[in-house]
Amino acid sequence: MTAPSVPADLRHPALAAADPELAALVAAEERLQADTLRLIPSENYVSAAVLEASGTVLQNKYSEGYPGKRYYEGQQIIDQVETLTAERAKGLFGMDHANVQPYSGSPANLAVYLAFLKPGDTVLGMSLPMGGHLTHGWGVSATGTWFNGVQYGVRRDTGRVDLDEVRDLALAERPKLIFCGGTAVPREIDFAGFASIAREVGAVLVADIAHIAGLIAGGAHPSPAPHVDVVSTTTHKTLRGPRGAMLLSRAEHARAIDRAVFPGLQGGPHNQTTAAIGVALREAATPDFRSYARDVVTNARTLGEELAARGFDLVSGGTDNHLLLIDLTAKDVPGKVAAKALDRAGIVVNHNSVPYDTRKPFDPSGIRIGTPALTSRGIPASEMGTVAEWITRVVQAARTGDEATVSEVRSEVKALMDGYPAPGLPVS
Ligand SMILES: *Cc1c(COP(=O)(O)O)cnc(C)c1O
């Protein structure tokens, strides 16, 4: 899967000749992704095959509509690309219908609102600072402005969703739509529990599996398919595809979903992305990907144990998936200060609010880290002690202003990364 080690001007010869300035930036980004330890839980390294599919002449086509019902001629091949990708999506996730056209996760979620709600209707979702996504009805998002967003959180004592709270809110507010899932949720989602609440109040239940789609495809997290009406997902996180999204649904909702995506919200689909999603779905159906998904979880759990042993405070006490949310209050370092020091050390994370955070969202108490990208490089659980030790040293250095330690860690990180070349990147 690893691309051969060739200079950037030979890897992208036409780009280098036509636009040296942008070619140099692409080469620099390749270098950055090769040399750093990328712990952003929503990021990954796509395979060379996915990368190639995203850069094909499928880019050149307009295809408004759906296979067999287009508003443009010349769709002989594009129809086959989209049908093949949608079939693979249905098969892999076990849903009746798949729409593979949403441009990304946020527009996919907006299409769900358009399919089922009128402006002013009530949606129940997880609140952003508790781990939910903006598009689940949070105030600054269109979804919380045009709709009545009611939000559940996590319990203060467990750091986990409390289904009794969700049920109480659902009974009191009678939402038409309920979202489960989020962006900073380290624990398994109880799809069956949410489904029984949605049934009780007659709401449409959406599982937003953007973060965990790859774990579900690889059998490392339970599937929402038997329980929910709609599944919304990005394709570029643990699923390891191109930047894009999909909406899957039961047969009865197929028409509403399709009409909401086009013509409700979007124009022409990004066909090169559709093809690359198809490639990623084929890869995700292999035994190799099942081991990948298992290893992502093992790495996250091991890293969590190593960090906890070094005095880090993990929200909910640990993880069931690919993600760890760390409250740095006890380490006496704000999340952003820690994240910036880690970045200087070649360890890329994001600062993040923790549940019941006393600090502001743009200057929160925590960091969020995850193992999808490092696992794609083949870094094993036996290295998680080293990673935890680096994080410990850098967070301590951030507090004392010890830049020497930061640079020391940076060269140690680079040395380990050289031993585990990333898919799709130059290795030297
Ligand atoms: C990432 C994410 C999205 C949004 O995806 P974009 O492609 O960034 O628009 C939506 N929902 C959840 C839960 C996510 O994690």
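This is a predicted model: local features need pLDDT of at least 70, side-chain atom pairs count only at pLDDT 80 or more; totals for chains, interfaces and linings use all residues.
**Entry: the ligand**

I listed what surrounds the ligand and got 13 residues. The closest of them are Ser104, Ser106, Asp208, His211 and Lys237.

I then looked up single atom pairs. For Ser104, an N or O atom of the side chain is 2.4 Å from an oxygen atom of the ligand. For Asp208, I found a side-chain N or O atom 2.6 Å from a nitrogen atom of the ligand. The protein covers 87% of the ligand's accessible area, which is 380 Å² for the ligand on its own.

For each pair here I noted two values. Two packed helices are described by the angle between their axes and by the distance between those axes.

I began with helix α16 (residues 384-400) and helix α17 (residues 403-419). Their axes are 9 Å apart, and the angle is about 155 degrees. Angles over 145 degrees count as roughly antiparallel, so α16 and α17 are roughly antiparallel to each other. The crossing in which α16 passes α17 is left-handed.

Next I took helix α13, residues 287-309. It packs with α16 at about 45 degrees, with the axes 9 Å apart. I therefore wrote down α13 and α16 as oblique to each other. I recorded a right-handed crossing where α13 passes α16.

The next partner I looked up was helix α14, residues 335-344. With α16 it makes an angle of about 120 degrees, and the axes are 9 Å apart. Because of this angle, α14 and α16 are oblique to each other. Their crossing is right-handed.

**Entry: backbone exceptions**

Most peptide bonds are trans, and most residues other than glycine have a negative phi.

Is the peptide bond from Phe262 to Pro263 cis or trans? I found that the bond is cis, with omega near 10 degrees. Pro263 is part of helix α11, which covers residues 254-265.

I also looked up Asp332. Its phi is positive, about 65 degrees, although Asp332 is not a glycine. I located Asp332 in the loop between β12 (323-327) and α14. That is the helix α14 I had already noted as packing with α16.

Conventions:
Residues are numbered from 1 along each chain as its sequence is written. Side-chain values use heavy atoms; hydrogens and water are left out. A residue is near a molecule or strand if one of its heavy atoms lies within 4 Å of it. A polar contact is a pair of N or O atoms within 3.5 Å; within protein, one must be able to donate a hydrogen and the other to accept it, and residues adjacent in sequence count only if both atoms are side-chain atoms. Accessible areas come from the Shrake-Rupley method with a 1.4 Å probe; for residues, only the protein chains shown count as cover. Axes are lines fitted to C-alpha atoms, for helices over the stretch in contact, and angles run from 0 to 180 degrees between N-to-C directions. Helices (H or I, at least four residues) and strands (E, at least two) are DSSP runs, numbered from the N terminus. Angles under 35 degrees count as roughly parallel, over 145 as roughly antiparallel, 65 to 115 as roughly perpendicular and the rest as oblique. A crossing is left-handed if the near helix is turned anticlockwise from the far one by less than a right angle, and right-handed if clockwise.
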